[in-house]
Amino acid sequence: MASAAPIIARSSPHVHTQFCDGRSTAEEMVQAALSKEFVSLGFSSHAKQDFDPDYSLDEAREAAYIQEIKRLQAKYADQIKIWLGMEQDFFSTANKNQFEYVIASVHYIKMPDGGKLAVDSSKGQLEVIIKEAFEGDAYALAETYYHMLGQFVKDSQPDIIGHLDLLTKFNKGKSPFDESHPRYVKAATGAMELAFSGCELMEINVGALARTGTKGPYPALPLLRTWRELGGQVILASDCHLAKYLDSSYETGIALMKEAGFKKAAILGRHNELFEWHKVPD
Ligand SMILES: [Zn+2]
Ligand SMILES: [Zn+2]
């Protein structure tokens, strides 16, 4: 029942719409947020990039997106706080000054031919990346992916670190990654240490649960524990692409947060401060 949900569940900083690869309009997302008694909502379109145009904003859609979110901010000002953000990929060319907050993510790997392939498109494409860019060595991909993310966060100082271990989306039965392999653990831990100097807030992203029904939240529990030990903080994020899933799997995300030992978590603020902090429910 929505009214019984802990207050920590009533927000999301990670929402996509038809301006990028989402399936709902921005206003449908606001309507869903209101019906689920959200207190704040953040839009995070995939920021402009000069490749893969179906997936992200382009020049024209970026302008339209900003205009529409500002319209919704005004229209719903007395009902819900709406934030204008973007999800900035490592290869994005967007100017972050136009946005109120930034989620930093790595989705793509640069291939030997200069093209870029996403690690979260399909298992087949992930295998192509490993074979053609890393001579079949999955851990070399992990080392590259994590180093890109850690350095990107350190350099760009975003507000939130996006889906830390996205590269495990198609992982099954320790294939292609055994997530306890020393090279894997070292790469992921190194990225968190590097990232921490640029941003102390990481999302617990439950989006893939609603969309694919298989993968657990990002990041996996051992990595989330490491993040807490480093002094990092967390925010629950739905990475929502369809309005009805706006708070889907939030119980799972909160359970993971508790299991990793976090006592408090951020949500997007209701007023002028970007974040406010809430006690993780017992
Ligand atoms: Zn993403
Ligand atoms: Zn996203």
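Residues are numbered from 1 along each chain as its sequence is written, while chains are lettered from A and ligands numbered from 1 in the order in which they are written. In this predicted model, local features need pLDDT of at least 70 and side-chain atom pairs count only at pLDDT 80 or more, whereas totals for chains, interfaces and linings use all residues.

**Exercise 1.** Find which residue is joined to P176 by a cis peptide bond, and state where P176 is placed.

*Solution.* Begin with the bond: S175 is the partner of P176, and omega is about 0°. Then place the proline, which sits in the loop between β6 (160-161) and α5 (182-196); here helices are DSSP runs of H or I with at least four residues and strands are runs of E with at least two, numbered from the N terminus.

**Exercise 2.** Determine the omega of the peptide bond from Y218 to P219, and locate P219.

*Solution.* The bond is cis, with omega near -5°.

**Exercise 3.** Is K174 buried or exposed, and what is its phi?

*Solution.* K174, which is not a glycine, has a positive phi near 60°, and its place is the loop between β6 and α5. With 11 other C-beta atoms within 10 Å, K174 is exposed; the cut-offs are 20 or more such atoms for buried, 12 or fewer for exposed, and anything in between for partly exposed, with C-beta atoms placed from the backbone.
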